[in-house]
Amino acid sequence: MRLAVVEDDDGVGEALVEAFTVRGHQAVRMRRGADVLTAHRGFDAVVLDLGLPDADGLTVLRQLREVTTVPVVILTARSDERSIVRGLRGGADDYVIKPPRIAELLARLENATRRSQPATAAPDEARVVEYADVRVDLTARRVQVGGVEIALTAKEFALVEVLTARPGTAVSRQQLMDRIWGDAFVAVSRSLDVHMTGLRAKLDRPGLITTIRGYGYRWGA
Ligand code: CA
């Protein structure tokens, strides 16, 4: 497994990375909550401490859950029932109290990872999304409006890709920023507005991309 270890304590963090590595896993240590928010991609699971220097782990967990379903196992000294329930209700897949038994922690991580696997992999087929006279060929990366091809920038096309992944379904601003910029919470909110404005102007189809106030956007009906 590729594991992100979010742990500010050097002794604990290094011991975990070493223990995972000698058992054949790849582990990357992160010290702050902000680190995992911008670098959660590509990991099979996250080990998340709650007492972090920049944010409470439960806040980090909530923010992670806005953008990813990556399995998260909380690893903390907080052993009271209230904390455990808050962690599990907050979206953690499991909750382990320090000090961990490494084999047990790994078994729990493997369990959480197995549950998160999709039952069937999506076939690698050509994808075309059509709405009224707008035709998006995601495989060829081409967009036609009224039969005329329009040229989109890479970021504008990325917006189309994320929005059309599930037409008719709301996508939050955080999800868009995470998918396109890899940073849902820090610095790119203004960029999203700029590229969204450009995309809408090029498409010239009011109502195709609906703004959901206080949340995000939706493609199509
Ligand atoms: Ca800590």
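Biologist: How much area do domain 1 and domain 2 bury between them?

Modeller: The model is a predicted one. Its protein chain is divided into domain 1, residues 2-116, and domain 2, residues 128-219. Of the area buried between domain 1 and domain 2, 51% lies on carbon and sulfur atoms. The buried area comes to about 700 Å².

Biologist: Which residues in domain 1 lose the most area to domain 2?

Modeller: Three residues together account for 61% of what the domain 1 side buries. They are Arg-41, Glu-66 and Val-67.

Biologist: Which residue forms a salt bridge with Arg-41?

Modeller: Across the interface of domain 1 and domain 2, one salt bridge is found. The cut-off is 4 Å between a side-chain nitrogen of Lys or Arg and a carboxyl oxygen of Asp or Glu. For the pair that includes Arg-41, the closest N and O atoms are 2.7 Å apart. The partner of Arg-41 is Asp-178.

Biologist: How many residue pairs are in polar contact between domain 1 and domain 2?

Modeller: The count takes pairs in which both residues are at pLDDT 80 or more. Between domain 1 and domain 2, the number of such pairs is three.

Biologist: Which helix gives the most to the side of domain 1 that touches domain 2?

Modeller: The elements that give two or more residues to this side are helix 2 (33-38) and helix 3 (57-67). By class, the side has two nonpolar, three polar and two charged residues. The greatest contribution, three residues, comes from helix 3.

Terms used: Residues numbered from 1 in each chain as written. Predicted model: local features only at pLDDT ≥ 70, side-chain atom pairs only at ≥ 80, totals over all residues. Heavy atoms only, no water. Domains from an automatic or database assignment. Buried area = accessible area lost by both parts, 1.4 Å probe. Polar contact = N/O pair within 3.5 Å; in protein donor to acceptor, adjacent residues only side chain to side chain. Helix = DSSP H or I, 4+ residues; strand = E, 2+ residues; numbered from the N terminus. Nonpolar A, V, L, I, M, F, W, Y, C, P; charged D, E, K, R; others polar.
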